[in-house]
Amino acid sequence: MGLLDDKVVLVNGGSQGVGAAVARAAVREGAAVAVTGRRPEPGEALVAELTAAGGKAVFVRADLADAEQAKASVTETVAVYGRVDCLVNAAGLTSRGTLLDTSPELFDQHIAINLKAPFFAMQAAVADMLAREAPGTVVNVITSSAHGGQPFLAPYVAAKAGLAGLTRNAAHAHRFDRIRINGLNIGWTATEGEDATQKAFHGAGDDWREEAAARLPMGKLGQPDEIADFVVFLLSDRSGVVTGSVIDWDQNVLGGLD
């Protein structure tokens with residue numbers, strides 16, 4: 001459909017998981033993309049895949065735990081493509097911690113990746129849009145756990161709940177600049193990162209996805225490609241005037257009780 005024809009899309013945390021799915025969907029819809037990641041191997045492999053299929057893509061190496069590198073992801077994309085029209089903050093740290101056992105160091109790691117990096121990437125992207133007097137869109141990939149979450153996700157919830165509030169704040173601040181900023185509260189999703197987390201923190205076996213899917217209402221975990229299609233819609237003009245929305249993309253209903 002060409003929903004993102006002639007758009008430049010930066011996907012932070014785009015070398016795997018939901019971010020990589022967003023990059024694929026954006027290229028399919030006509031965008032030129034830049035994807036960031038800390039490790040070059042998966043990022044460069046994704047870019048090779050996209051360019052081999054005829055798309056425009058570059059890899060920007062960035063450790064998003066460093067706010068300056070988060071900002072630089074935007075400036076480096078601008079150096080390649082001349083601008084950033086759309087920003088997706090898809091990186092996420094999900095290491096476990098409760099209120100009682102979370103160290104200051106772990107808390108700071110979650111704030112750095114899950115809140116501080118999106119803040120400063122948005123700062124740089126919005127500054128580029130304003131300098132060009134151009135409209136733009138931002139989508140922050142958040143989590144349904146931002147509503148409260150599990151006890152073992154205390155620092156993750158704290159940081160992502162902050163990102164939900166930031167999404168609304170920034171959207172309100174820049175609505176008259178025609179910069180639309182929205183968020184997506186995704187639920188339990190089948191990604192490479194979640195596979196590693198389940199095995200590292202919960203002793204899961206190779207069949208954990210099947211066991212988890214059997215317990216879920218729709219019989220499956222969230223799928224990155226389905227989430228990516230929704231992100232692309234929010235980035236595109238087809239999502240109209242919507243801004244400041246933090247949308248629950250999950251199969252559990254907030255407030256629903258059995």
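In the predicted model, Ser 239 touches Arg 180, Phe 233 and Leu 234, leaving aside residues up to four places away in sequence. Ser 239 belongs to the loop that runs between helix H8 (224-235) and strand S7 (246-249). With a relative accessibility of 9%, Ser 239 is buried, because this value falls under the 20% limit. A polar atom of the Ser 239 side chain is placed 2.8 Å from the backbone oxygen of Ser 236.

Phe 233, one of the residues touched by Ser 239, is partly exposed at 34% relative accessibility.

Two aromatic pairs are present in the structure. One of them is formed by Phe 119 and Phe 120, whose ring centres are 5.0 Å apart. The planes of these two rings meet at 55 degrees, so the pair is tilted; the angle lies below the range over 60 degrees that would count as edge-to-face. Phe 119 has a relative accessible area of 38% and is partly exposed. Phe 120, at 22% relative accessibility, is also partly exposed.

Phe 230 and Phe 233 form an aromatic pair that is tilted as well, with 6.2 Å from centre to centre and 45 degrees between the planes.

Methods. Residues numbered from 1 in each chain as written. Predicted model: local features only at pLDDT ≥ 70, side-chain atom pairs only at ≥ 80, totals over all residues. Heavy atoms only, no water. Helix = DSSP H or I, 4+ residues; strand = E, 2+ residues; numbered from the N terminus. Buried < 20%, exposed > 50% of the residue type's maximum accessible area, 1.4 Å probe, protein only. Polar contact = N/O pair within 3.5 Å; in protein donor to acceptor, adjacent residues only side chain to side chain. Contact = heavy atoms within 4.5 Å. Phe/Tyr/Trp six-rings, centres within 6.5 Å; stacked < 30°, edge-to-face > 60°.
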